[in-house]
Amino acid sequence: MSRDHRTRDNWALLHAISQARTKGVPVAVVFNLVDKFLDAKARHFGFMLRGLQVVEQNLKAVGIPFFIFRGKAEDTVPSFIERCNASLLVMDYSSLRIGRQWRKAVCQKVDSVVEVMEVDAHNVVPIWCASDKLEYGARTIRTKIQRQLSEFLTEYPILESSGKAWDSEPPPCIQWDSLIADVLREGAEVPEVSWCEPGEDAALEALMGKATGFVNIRIKNYENRNDPSKPTGLSGLSPYLHYGHISAQRCALEARKVRKMHPKAVDTFLEELIVRGGLAENFCHYQPNYDNLNGAWSWARESLMIHATDKREVLYTYEELENAKTHDTLWNAAQLEMVYYGKMHGYMRMYWAKKILEWTTGPEEALATAIYLNDKYELDGRDPNGYVGCMWSICGIHDQGWKERPVFGKIRYMNLAGCKRKFNVDGYIMNVNQMVAKTKKRLRDGTASSSTAKPVLTTNRR
Ligand SMILES: Cc1cc2nc3c(=O)[nH]c(=O)nc-3n(C[C@H](O)[C@H](O)[C@H](O)COP(=O)(O)OP(=O)(O)OC[C@H]3O[C@@H](n4cnc5c(N)ncnc54)[C@H](O)[C@@H]3O)c2cc1C
């Protein structure tokens, strides 16, 4: 278990259990914890470990042991396979470079001793079925995904035990408190958030809860999803989807059940979740340069390079951006929302990234800065959706060329006047300021879920 941290609705786990039942052998779940992962801090490691703690408890209920190892997966996993004489290794899937390197390194070591299977537990239509090539945009992947939904968007089987009790190396007694304290101390620079309870049980509640669940209560607001002054318009599910605390398939299945009541909202949500999400995965899977300028289409790269030396009206340093010290109060609010809340509104993410292109020395610096800040502060960061979001905003990926203009070239432009026409900009800024004040107080009082650190804005870049 590497990317999808849940026991429910997990095709990788279901497949491992079904294979074990056929072979008459037990199953164990293994997670390998690394010390560093793509700028992840206390906010991210804390959320992840608390989610894994729930996984351990829920696995216990079906008699499956959970092991957590620290170090390199290419060492810890093969060694475990040898110690327990495993006959099959089932891995979940990641489209990101580092996740693929880990899996490849493990495979190279165990290929000759054990059968290995990779199961896409993350996407509704498995990545390699959705398309066998890099897609140009939503319009080219949409029908490919939609025509396979009758096959893949189906109810999950119930999780059951593997049938045979684990009789090999006993699972460790995981010292969760000290493990979590360690990662919170290490990554204290970006503390945990308090509004999003980690784990698969909380994720299910956020989706289906009777009081505030997205599909039962809030989906009707989804038509406001592009209005940052009404934040409850969004599902808020991205942190859970990112860590695999919930599956996109479960979200889609439950949303479909209320389609008769809210057809437009449900269709839009499914488009974002399945088509846009699938497109982002497709990009990272088939484009090795998914996070740099070489991954842009040639029309966009050429246009950006022609305008790379255009005079910028204003230039900001990395520190000024990170500290939200620009002349644009809307942009500053978005930056602060990300730093203190850990989740910038989806609409603001586009504006935020495009302004970084406008205010830095060139597209390479803009893209690197946007990705770095996104990964450092967004709870849902380090995700294919994030790399593609930054590439869409700055490099025109999955977009079309627009009327040429300074700095942006043919990349779509956004400005403050457009935002003012679209939503209540002052209302959004006021909401963010209130949230920042509350968060600062909570951090001062030490009432953060466990980390007591304040966000420390550093200049320590990759
Ligand atoms: C510059 C930039 C950076 C971004 N960074 C991230 C990131 O780090 N992590 C992340 O998950 N998303 C990122 N996005 C995409 C999108 O903004 C977020 O997925 C969304 O705001 C998450 O909030 P939500 O779940 O409440 O959204 P909802 O609108 O409720 O969406 C539900 C789900 O649909 C999917 N989705 C929605 N919008 C998109 C999209 N544009 N592309 C792909 N999938 C989408 C996501 O899985 C999302 O959780 C970024 C977009 C931009 C422009």
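This note goes through a predicted model, taking up its domains, its ligand site and a few individual residues in turn.

1. Domain layout. The protein chain is divided into domain 1 (1-122), domain 2 (200-286) and domain 3 (293-444). Between domain 1 and domain 2 the C-alpha centres are 26 Å apart, and the two domains meet through 20 residues of domain 1 that are in contact with 18 residues of domain 2.

2. Where the ligand sits. The ligand is surrounded by 26 residues, and the closest of these are Tyr 222, Ser 235, Gly 236, Asn 374 and Asp 380. Domain 2 (200-286) and domain 3 (293-444) each contribute at least three residues to this shell. In terms of secondary structure, at least two shell residues come from each of helix H11 (238-242), helix H13 (263-286), helix H17 (346-359) and helix H19 (384-395).

3. Sorted by class, the residues around the ligand comprise 9 nonpolar, 11 polar and 6 charged ones.

4. Polar atoms facing the ligand. The side chain of Glu 272 places an N or O atom 3.2 Å from a nitrogen atom of the ligand, while an N or O atom in the side chain of Asn 374 is 2.8 Å from a ligand oxygen atom. At Asp 380 it is a polar backbone atom that is involved, at 2.9 Å from a nitrogen atom of the ligand. Of the 820 Å² of accessible area that the ligand has on its own, the protein covers 90%.

5. Trp 195. This residue is found in the loop between helix H8 (176-186) and helix H9 (200-208), and Trp 195 counts as partly exposed because its relative accessibility is 31%, a value that falls between the limits of 20% for buried and 50% for exposed. Once its neighbours within four places in sequence are set aside, Trp 195 is in contact with Pro 239, Tyr 341, Lys 343 and Leu 379. For a sense of distance across the model, Trp 195 and Leu 88 are separated by 107 residues in sequence and by 39 Å in space, taken from C-alpha to C-alpha.

6. Gln 335. Helix H16 (residues 329-341) contains Gln 335, and this residue counts as buried because its relative accessibility is 0%, where buried means under 20%. Apart from neighbours within four places in sequence, the residues in contact with Gln 335 are Leu 321, Glu 322, Ala 324, Met 344, Trp 352 and Leu 373.

7. Asp 9 lies in the segment before helix H1 (11-23), whereas His 398 belongs to the loop between H19 and helix H20 (416-422). Asp 9 is buried because its relative accessible area is 13%, and His 398 is buried because its relative accessible area is 11%.

Notes
Residues are numbered from 1 along each chain as its sequence is written. This is a predicted model: local features need pLDDT of at least 70, side-chain atom pairs count only at pLDDT 80 or more; totals for chains, interfaces and linings use all residues. Side-chain values use heavy atoms; hydrogens and water are left out. Helices (H or I, at least four residues) and strands (E, at least two) are DSSP runs, numbered from the N terminus. Buried means under 20% relative accessible area, exposed over 50%, partly exposed in between (1.4 Å probe, protein chains only). Contact means heavy atoms within 4.5 Å. A residue is near a molecule or strand if one of its heavy atoms lies within 4 Å of it. A polar contact is a pair of N or O atoms within 3.5 Å; within protein, one must be able to donate a hydrogen and the other to accept it, and residues adjacent in sequence count only if both atoms are side-chain atoms. Accessible areas come from the Shrake-Rupley method with a 1.4 Å probe; for residues, only the protein chains shown count as cover. Ala, Val, Leu, Ile, Met, Phe, Trp, Tyr, Cys and Pro count as nonpolar, Asp, Glu, Lys and Arg as charged, and the others, Gly among them, as polar. Domain bounds come from an automatic or database domain assignment.
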